[in-house]
Amino acid sequence: MEQICLRLVKLDMLSSIRSLNRFDSVVRWCGQRQFHCRPSLFASARTDLRTNSSTSLKPGGSVTSLCLRSRSRLSVCITAFRPSVHPFITQSTREFHSSGRLRALPAPFIWMVLKPLQKLMAIILGRSIRKWWLALPPSKKQLFREWTWRRRWHFVGAGAGLLFFVSLFLLTHLDESPVTGRTRLLVFSRENFMKLAQVTAETYMEEFKDSLIAPSDPRHQAVELVVRILAERNQDIAEISSVPWTVHVVDGPTINAFVLPNGKVFIFTGMLEAVADIHQLVFILGHEMAHALIGHAAEQASLSHVVELLSLILLTAIWAICPRDSLAVLGQWIQGKLVQFLFDRPFSRKLEAEADQVGLQLAAKACADVRAGPVFWQQMEIYDQLKGEPTIPEWLSTHPSHQNRVRQLDRLVPEALELRARCDCPALPEADPRVIFHQAVKLLLDNAKKQEKIAQEEKNEKPRAGVMLPLPQSPPVPTPGSQPQLGGVLATSALPQTLLSK
């Protein structure tokens, strides 16, 4: 019994010695009192233990010995070594940092990853229902029809309840759009898209790391100046003042620019070459910043998420009803096109038109000439026609046509000019950029017509049959100071006459 009691005492002492910071107080406490086993457990064990402790200093630290002696002359000694703490070790410990926390994936990113899996599960479920129904004998099919008919009101009630909860979910996720005050649906919060924007920005930085222009480049400085002016002149908008704006100029011929929700601005040098002046650049960057501050990415993803969940029900029904897989694939393709042309693309065009409106307001508050906005889209229309790109109907595109954009901006220009005047901006020149552009295009068309007429007259004045034709001559070699104009004339003559009506 004494051995059991001594083992318990030893375990108790070992657990106390493990705490080095409280070791000295434990030793003093052990030397002042005697250890007894609990009377309830060991009533017959009245063992008196005597303790003796000693501490000695050594170069590497201190050694503490604790001896326990019982009446039966059985002794147990426990020795512990406590190393001294070197100043270098203390300093190293203070400089030690743990690894950073693992960042959770943003909800929109998780949804994008699970989106194909949801479709696959709907296809498998619909196909399984069809196989199960085809495998049933006619008698069981009839019984199942009768069973569903008897419980039709239960299904109606379940459908009504589901519709109620869906409506409640949509109503509780309504939000008011900044600047415009439009009511919209937001399933994903702005914070979630901020996290997704950070991941996207890191991906773009890795993709364009070899094409980024140095901050000392004049083109980078010009874009940075425009973004800074737009941000400073629109500090009354919380979505602009709360975001740090960073500029990245990518060396590439692509005519494109985009702004992420976290304020990362990416613009290609092809866009810098496409704009005619600084006012058009202000309008373009204001358009892209409008996408970010309104949260169009979150709004578009929210609508797409709701439409996708509703279309999963239709997709399951298609694969359950169609008798063959080929017909089900055709039905799925038709369903995808209907969703694309009835929901996704019209909504995208709506957001682009709203970004044009808000971007024009941002440019007006930045004291830019807002009349240059419609001119940019007229230039882009001519540029596409000179390149020979086919004209796509607007209902097939994610962006409004150039002509519709010009008409919408022309309607918004007077209001933007009034806003500009209220912001204490300097007066604009009387010459309207739209009128100047119209006159320039008209002059080019007139010159093209004259040269075509001269070429036609020279062709008609060729010698008739029977007269010796002159030998073909090599084309004249252009002098270093001259420039060939034939290509420009032919390309300009292909411009449509509808441009004259603008």
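**Buried charges, a disulfide and a bent helix**

Glu-299 is buried, with a relative accessible area of 2%. In this predicted model, its partner is Arg-182, with which Glu-299 forms a salt bridge whose closest N and O atoms are 2.6 Å apart.

A second pairing involves helix α13. Here the side chains of Asp-356 and Arg-405 meet in a salt bridge, at 3.0 Å from N to O. Asp-356 belongs to helix α13 and Arg-405 to helix α15, so this pair ties together parts that are 49 residues apart in sequence. Both ends are buried: Asp-356 has a relative accessibility of 0%, and Arg-405 has one of 3%.

Because Arg-434 lies in helix α16 and Asp-410 in helix α15, the pair ties together parts 24 residues apart in sequence. These two residues are partly exposed, with relative accessible areas of 23% for Arg-434 and 30% for Asp-410. Elsewhere, salt bridges with shared partners join Asp-175, Arg-182, Arg-184, Glu-299 and Glu-354 into one network. The structure holds 17 salt bridges.

Turning to the cysteines, one disulfide is counted. It is formed by Cys-367 and Cys-425, whose sulfur atoms are 2.0 Å apart. The torsion about their S-S bond is about -75 degrees, so the disulfide is left-handed. Cys-367 lies in the loop between α13 (325-365) and α14 (372-387), and Cys-425 in the loop between α15 (402-422) and α16 (433-460), so the bond ties together parts that are 58 residues apart in sequence. Cys-367 is buried at 19% relative accessible area, as is Cys-425 at 15%. Cys-423, in contrast, is in no disulfide; the nearest cysteine sulfur, that of Cys-425, is 5.4 Å away.

Helix α13 itself bends by about 40 degrees at Gln-340. Its 41 residues should span 60 Å at 1.5 Å a residue, and the end C-alpha atoms are 58 Å apart, which agrees. After α13 comes Cys-367, with a positive phi near 65 degrees.

Finally, a nonpolar surface patch of about 610 Å² accessible area is formed together by Ile-110, Val-113, Leu-114, Leu-117, Leu-120, Met-121 and Ile-124. Of these, Ile-124 is placed in helix α4 (residues 107-135) and is partly exposed, at 44% relative accessibility.

Terms used. Residues are numbered from 1 along each chain as its sequence is written. This is a predicted model: local features need pLDDT of at least 70, side-chain atom pairs count only at pLDDT 80 or more; totals for chains, interfaces and linings use all residues. Side-chain values use heavy atoms; hydrogens and water are left out. A disulfide is a pair of cysteine sulfur atoms within 2.5 Å. Helices (H or I, at least four residues) and strands (E, at least two) are DSSP runs, numbered from the N terminus. Buried means under 20% relative accessible area, exposed over 50%, partly exposed in between (1.4 Å probe, protein chains only). The expected span of a helix is 1.5 Å times one less than its number of residues. The bend at a residue is the angle between axes fitted to the seven residues ending there and the seven starting there. Patches are made of residues with over 30% relative accessible area and no salt bridge: like charges are joined within 9 Å, nonpolar side chains (Val, Leu, Ile, Met, Phe, Trp, Tyr) within 5 Å. Accessible areas come from the Shrake-Rupley method with a 1.4 Å probe; for residues, only the protein chains shown count as cover. A salt bridge is a side-chain nitrogen of Lys or Arg within 4 Å of a carboxyl oxygen of Asp or Glu.
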